[in-house]
Amino acid sequence: MSVAANSFFSPEDVTVLRGALDKWCLEKRIDIKSTEAQFAAAAAISLFQSGYDTSEKLLVALREHKGL
């Protein structure tokens with residue numbers, strides 16, 4: 001994903017991101033390998049960098065994201 005090309009994430013950050021994305025995909029019944037999940041992952045990275053720094057906050061933000 002080009003969104004994070006110049007970003008570094010700790011293992012804990014990745015756990016937060018993946019946890020929220022996994023839950024979002026499960027709720028939406030979307031395959032984690034799908035194009036839609038890739039768009040959601042890019043949105044999650046952007047939201048995480050904007051301060052949504054827990055899986056819970058990130059999941060709420062993904063649910064409310066207009067583009068998803």
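Visitor: How many salt bridges does the structure hold?

Guide: The structure holds 3 salt bridges. Keep in mind that this is a predicted model.

Visitor: What makes D22 and R18 a salt bridge?

Guide: Their side chains meet with N to O at 2.7 Å. The cut-off is 4 Å between a side-chain nitrogen of Lys or Arg and a carboxyl oxygen of Asp or Glu, so the pair qualifies. Both residues sit in helix 1, 4 residues apart, about one turn of the helix. In an α-helix, residues three or four places apart point the same way, because there are 3.6 residues a turn.

Visitor: Why are D22 and R18 called partly exposed?

Guide: D22 has a relative accessible area of 33%, and R18 has 44%. Buried is under 20% and exposed is over 50%, so D22 at 33% falls in between, and so does R18 at 44%.

Visitor: And R63 with E27, what makes that a salt bridge?

Guide: The closest N and O atoms of R63 and E27 are 2.4 Å apart, and the limit is 4 Å. This pair links distant parts of the chain, with R63 in helix 3 and E27 in helix 1, 36 residues apart. R63 is partly exposed because its relative accessible area is 44%, and E27 is partly exposed at 42%.

Visitor: How do you know that D53 and K57 belong on the list?

Guide: For D53 and K57, the closest N and O atoms are 3.4 Å apart, which is within the 4 Å cut-off, so the pair counts as a salt bridge. D53 has a relative accessible area of 43%, so it is partly exposed, and K57 is partly exposed at 45%.

Visitor: How do you know that the length of helix 1 agrees with what it should span?

Guide: At 1.5 Å a residue, its 18 residues should span 26 Å, and the end C-alpha atoms are 25 Å apart, so the two agree.

Visitor: Which residues of helix 1 are buried?

Guide: V16, L17, A20, L21, W24 and C25 are buried in helix 1. They cover an arc of only 155 degrees around the axis, so they lie on the same side of helix 1. On the other side, P11, E12, T15 and L26 are exposed. The buried residues pack against helix 2 and helix 3.

Visitor: Which residues touch the most other members of the largest nonpolar core?

Guide: Those are L17, L21, W24, L58 and L62, out of 19 residues in that core. Helix 1, helix 2 and helix 3 each supply at least two residues, and the largest share, 8 residues, comes from helix 2. Leaving aside neighbours within four places in sequence, L58 is in contact with V16, L17, A20, A44, L47, F48 and Y52.

Visitor: What makes R29 stand out, and why is it called exposed?

Guide: R29 has a phi near 55 degrees, a positive value in a residue other than glycine. Most residues other than glycine have a negative phi.

Notes:
Residues are numbered from 1 along each chain as its sequence is written. This is a predicted model: local features need pLDDT of at least 70, side-chain atom pairs count only at pLDDT 80 or more; totals for chains, interfaces and linings use all residues. Side-chain values use heavy atoms; hydrogens and water are left out. The expected span of a helix is 1.5 Å times one less than its number of residues. Buried means under 20% relative accessible area, exposed over 50%, partly exposed in between (1.4 Å probe, protein chains only). The arc is that of the directions from the helix axis to the C-beta atoms. Contact means heavy atoms within 4.5 Å. A nonpolar core is a set of buried Ala, Val, Leu, Ile, Met, Phe, Trp, Tyr and Cys residues joined through side-chain atoms within 4.5 Å.
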